[in-house]
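Please read them with the coordinates open.

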Amino acid sequence: MLDISSSRIPLTIIGGFLGSGKTTLLNRIISSADGRRFAVIVNDFGDINIDARLVVSVEGETIALSNGCICCVIRDDLVTEVQKLCRLPDPPEHIIIESSGVSRPLSIVDSFFRPEIRQLVDVQTIITLLDADLVVDEAATYADIAYAQIAVADLVVVNKIDLVSSAQRAAVRAQVERIVPRARIVETTFGRIPLALLFDHDVSAAIPRLPREMDPTHLHVHSANDDHGHDHSGDFSSWGYRSTEKSFSFNAIQRIVEKLPRGIYRAKGLIRLTLGNGEHGIFQLAGRRSSLKLTPSTPGVAVTTEIVFIGQPGTITDNDLRDLIDDAWRTANDPLSGPHIVTDLRAFQVEFV
Ligand SMILES: Nc1nc2c(ncn2[C@@H]2O[C@H](COP(=O)(O)OP(=O)(O)OP(=O)(O)O)[C@@H](O)[C@H]2O)c(=O)[nH]1
């Protein structure tokens, strides 16, 4: 009998709520690849795929799937891309999927049980990132998805522990253990986890857990009760902002952050700056925090400002968001609007309160 398990390409899914640190972990994995050839699929919920530009270059393929979530609206695209990768003359040794922050990993796994794909890939690990500073609030509108992401994890990475007290750290751990008692839990910052936990089966096997086939959570994958037909249009909305002409000051960016409504959970993008030294900014907002990382631009190539916002549906209209940003740009770039003091150009941080 043909042993399909040995010929299938191992696949890892990195999931976790908006801004929990998925791209940070993915970059760490790729940077420590040690010659291993990865193919990376990154999915952004909005119509601008920012993640593809934030992922460090990989020896192999990087595929960006945007304008929908791979667990529902663009599931077929995911399967097609993975099939193509598997059929390359020199296929990757490992496929890593970074799902969007609003994805349900179970539905992604389910895609790989389809007959046309199940002989090609082996879903080995589902990693769920958790922002320790953004404890899952049962009353929050996103709690349902955040729980679903934790519940299916083989490995829960409690990230951003630098931001919390030891008491909160213990509380988060206890909460995760309640939701998914069988999973491995690693607490860390900036996705620094032993990569052996992901790729070394001896190490993984040494940590007691139920075999996948016996695990009710995973059996559920095969059942009819899944998220087919579900999409996130009722749970989350995304908005995009693009400008090819405007350059933004730090002051303008700070004003945008201060004026954003609370229903915006996540924002990220590239911002053209008024700095004049050729650097642009990678802007990140996750929950209460935001930051701008200065990055050298390619000489002679003008940076387009592109920002994606994700939040509760109805939080703002496209026009109001554009007005909010343009107003902040206009007033904060006006030299008469007051001094703008930047103390640390390398680590611009503003609190979202
Ligand atoms: N303080 C702190 N910040 C972190 C840590 N890990 C990641 N970040 C920051 O959190 C922000 C979001 O990180 P990403 O890796 O982009 O998060 P993500 O889960 O890929 O985001 P989405 O794809 O939008 O859901 C970035 O500004 C990171 O630099 C950490 O351990 N501590």
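1. Contact here means heavy atoms within 4.5 Å. On that basis, among contacts in the protein chain between residues at least 6 apart in sequence, 75% join residues at least 24 apart. The model is a predicted one, in which local features need pLDDT of at least 70 and side-chain atom pairs count only at pLDDT 80 or more, while totals for chains, interfaces and linings use all residues. Residues are numbered from 1 along each chain as its sequence is written, and side-chain values use heavy atoms, with hydrogens and water left out.

2. The protein chain has 13 helices and 13 strands, where helices (H or I, at least four residues) and strands (E, at least two) are DSSP runs numbered from the N terminus. Of its 353 residues, 52% count as buried; buried means under 20% relative accessible area, exposed over 50% and partly exposed in between, with a 1.4 Å probe and protein chains only. The accessible surface of the protein chain comes to about 16,100 Å², and 51% of it belongs to carbon and sulfur atoms. Such areas come from the Shrake-Rupley method with a 1.4 Å probe, and for residues only the protein chains shown count as cover.

3. The ligand has 20 residues around it, of which Lys22, Thr24, Phe190, Arg266 and Lys268 come nearest; a residue is near a molecule or strand if one of its heavy atoms lies within 4 Å of it. As for polar contacts (pairs of N or O atoms within 3.5 Å; within protein, one must be able to donate a hydrogen and the other to accept it, and residues adjacent in sequence count only if both atoms are side-chain atoms), an oxygen atom of the ligand is 2.9 Å from a polar backbone atom of Gly21. A ligand oxygen atom is also 2.7 Å from an N or O atom in the side chain of Lys22, and one is 2.8 Å from an N or O atom in the side chain of Thr23. Taken alone the ligand exposes 650 Å², and the protein buries 88% of that.

4. Ile127 belongs to strand E5 and is buried, at a relative accessible area of 0%. Not counting residues up to four places away in sequence, Ile127 touches Thr12, Ile13, Ile14, Gly15, Leu25, Leu155, Val157 and Leu198.

5. In the loop between E5 and H7 sits Asp133, which counts as buried at 13% relative accessibility. Once neighbours within four places in sequence are left aside, Asp133 is in contact with Leu163, Val164, Gln168, Arg288 and Arg289.

6. Helix H8 (residues 166-179) has 14 residues, which at 1.5 Å a residue should span 20 Å, and its end C-alpha atoms are 20 Å apart, in agreement; the expected span is 1.5 Å times one less than the number of residues. Which residues of H8 are buried? They are Val172, Gln175 and Val176. Seen down the axis of H8, these fall within an arc of 100° and so line one face of the helix, the arc being that of the directions from the helix axis to the C-beta atoms. On the other side of H8, Ser166, Ala167 and Arg178 are exposed. The cover over the buried residues of H8 includes strand E5 (121-131), helix H7 (143-151), strand E6 (155-159) and strand E7 (184-187).
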